[in-house]
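Let us walk through this structure together, one region after another. Please keep the sequence and the 3D view at hand as you read.

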Amino acid sequence: FGPDTAGPILPGAWLGMLGGGQLGRMFTHAAQALGYKVCVLDPDQDSPAGTVADRHLCAGYTDDAALVAMAQQCAAVTTEFENVPAQALDRLEQLGAFVAPRANCVSIAQNRIAEKKFFAACAPKTGVSPAPHWVIEHQADIDQLPADLLPGILKTARMGYDGKGQARVTTREELAAAWKAMQHVPCVLEQMLPLAYEVSVLAARAADGSTATWPLAENVHRDGILFSTVMPSSSVSPDVADKARAAAAIVTGEMQYVGVLAIEFFVLKDGTLVANEMAPRPHNSGHITMDACETSQFEQQVRATARLPLGSTRQHSAGKMLNVLGDVWYEFGLEREPAWDAVVGHAGAKLHLYGKADARPGRKMGHVNCVGASPDEAAAAFEHAAVTLG
Ligand code: ADP
Ligand code: MG
């Protein structure tokens, strides 16, 4: 028996988490509720997950002594940080831990070039393609760029998030200047598409190969950062939603993925679905599952990591999530605590804070899951929370 075919890891055992951010914190809470102990590896002394974990290994992700300690203590290890070095995941597996997702899956999601190639390879089965694009690695790639890909968006292949590492360009000259400003690192130029909506699908795949997806999430960004998520999407037709969910499930199977995977899709004005990017972990747009669905994305990650059967993804309440950024601490110019009393005083508003000590503009500090018996009720709770948090 290899680790993939071994039986479930039962409560009382230790699970490892690479990364100490809010996603790791919410995983830790879900794992502890199920009776597991959690060991977090993160170099930050005061990380959101490290401070609630049963053990915090305060070291870098490639620190071998820390990886050995984690593999000795934990039967299985997962990640919340998509830029975790693949070598750390490989090392943990080599040390005998069950690692979910495996390094090869995480590597694809870390690089937009590999990610688009993978989505394109899946397209005959999913019916969903990536945006028309062109890899930019040499000056000649700019000269040879097909003219119909402009205007477009230049994106660095690695480390982009929340709209960072991107430039909008309309001419070959602007593209050359933008690529120079990015210090000629490998990039992709994507055709600028006429977006109608941005949606995401949270999908899970268990070690036994079974898959589950949550209802389609519809996302609104502000300044490149997720602002709100409605689940289920109120704008996209059931056919398109079903197609996106099916595509996400197929993608997890094609990678032999184990864990929770988020895929962002664009819905174009003519209804076409485009696969944009994926994250090999729970995702901000899946936070609403904590209060609107039978199984949250974090409990599901615990289940997949521990090789338990997946939980039901049925949605029991309408939901709309509001992100709480550090900006709301500075509403009147001075730093002050936001008006939590008004938020927690509303019956349908569920506040989740990540325990971060310093509020900085643009920093994700928490979120409010607004729920109700109907989408209108959830929207009313959301309006209340949005007004209160300025
Ligand atoms: P990240 O989320 O890693 O910053 P994305 O690829 O999701 O990067 O791009 C950020 C945002 O830019 C998207 O949410 C979308 O609003 C917009 N965008 C990205 N690619 C395109 C595109 N090809 N056409 C139109 N808009 C795009
Ligand atoms: Mg994105």
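We can begin with a single side chain: Glu-264 is buried, its relative accessible area being 16%. This value, like the others below, comes from a predicted model. Glu-277 has a relative accessibility of 21% and so counts as partly exposed, since the cut-off for a buried residue is under 20%. These two glutamates belong together at a metal site: the magnesium ion (ligand 2) is coordinated by Glu-264 (OE) and Glu-277 (OE), at 2.0 to 2.2 Å. The pair links distant parts of the chain, with Glu-264 in strand β15 (residues 259–268) and Glu-277 in strand β16 (residues 273–279), 13 residues apart.

How many cavities of 30 Å³ or more does a search of the whole structure find? There is one, and the volume of this largest cavity is about 50 Å³. The residues lining the largest cavity are Phe-119, Cys-122, Thr-126, Val-128, Ala-247, Val-251, Ile-263, Phe-265 and Ala-275. Two or more lining residues come from each of α5, α8 (238–254) and β15. Of the elements involved, α5 gives the most to this lining, with three residues.

Spanning residues 112–126, α5 lies across β7, β8, β9 and β10 and runs at about 50° to β10. Those four strands form an open sheet, in the order β7-β10-β8-β9 and with antiparallel pairing. Its edges are β7 (133–136) and β9 (166–169); each has a single partner strand, so one side of each is left without a neighbour in the sheet. On average, neighbouring strands here are turned by 20° against each other, direction ignored.

Within this sheet, look at the pairing of β8 with β10. Strand β8 (residues 152–156) and strand β10 (residues 187–191) run antiparallel and are joined by five bridges.

Now turn to another sheet, where the pairing is parallel. This open sheet has five strands, in the order β3-β2-β1-β4-β5. Which strands stand at its edges? They are β3 (55–57) and β5 (98–99), each with a single partner strand, so one side of each is left without a neighbour in the sheet.

Strand β1 (residues 14–18) pairs with β2 in the parallel sense over five bridges, and Leu-15 has Val-38 in β2 as its bridge partner. β1 also pairs with strand β4 (residues 76–79), again in the parallel sense, over four bridges. In that pairing, Leu-18 stands opposite Thr-79 in β4. Strand β2 (residues 37–41) has four of its five residues buried, so it is largely enclosed by the rest of the structure. Helix α10 (residues 297–305) lies across β1, β4 and β5, running at about 145° to β4.

Next, pick out Val-68, which sits in helix α2 (residues 64–73). Is Val-68 buried or partly exposed? With a relative accessibility of 24%, Val-68 counts as partly exposed. Its contacts, leaving aside neighbours within four places in sequence, are with Arg-91 and Leu-95. For a sense of scale, Val-68 and Tyr-197 are 45 Å apart in space, C-alpha to C-alpha, and 129 residues apart in sequence.

Our last stop is an open space, the second largest pocket, with a volume of about 400 Å³. It is lined by 16 residues, and those nearest its centre are Arg-222, Phe-227, Asn-323, Leu-325 and Val-328. Both β14 (225–231) and β17 (318–325) supply at least two residues of this lining. The largest share, four residues, comes from β17.

How values were computed. Residues numbered from 1 in each chain as written. Chains lettered and ligands numbered in written order. Predicted model: local features only at pLDDT ≥ 70, side-chain atom pairs only at ≥ 80, totals over all residues. Heavy atoms only, no water. Pairing = 2+ DSSP bridges. Axes fitted to C-alpha atoms, helices over the stretch in contact; angles between N-to-C directions. Contact = heavy atoms within 4.5 Å. Donors = N, O, S within 2.8 Å, 3.2 Å for Na, K, Ca; no water. Buried < 20%, exposed > 50% of the residue type's maximum accessible area, 1.4 Å probe, protein only. 1 Å grid on protein atoms, 1.4 Å probe; cavity = no way out; pocket = protein on both sides within 12 Å on 5 of 7 lines; lining within 4 Å. Points joined across faces, edges and corners; volume = space filled by probe spheres on them.
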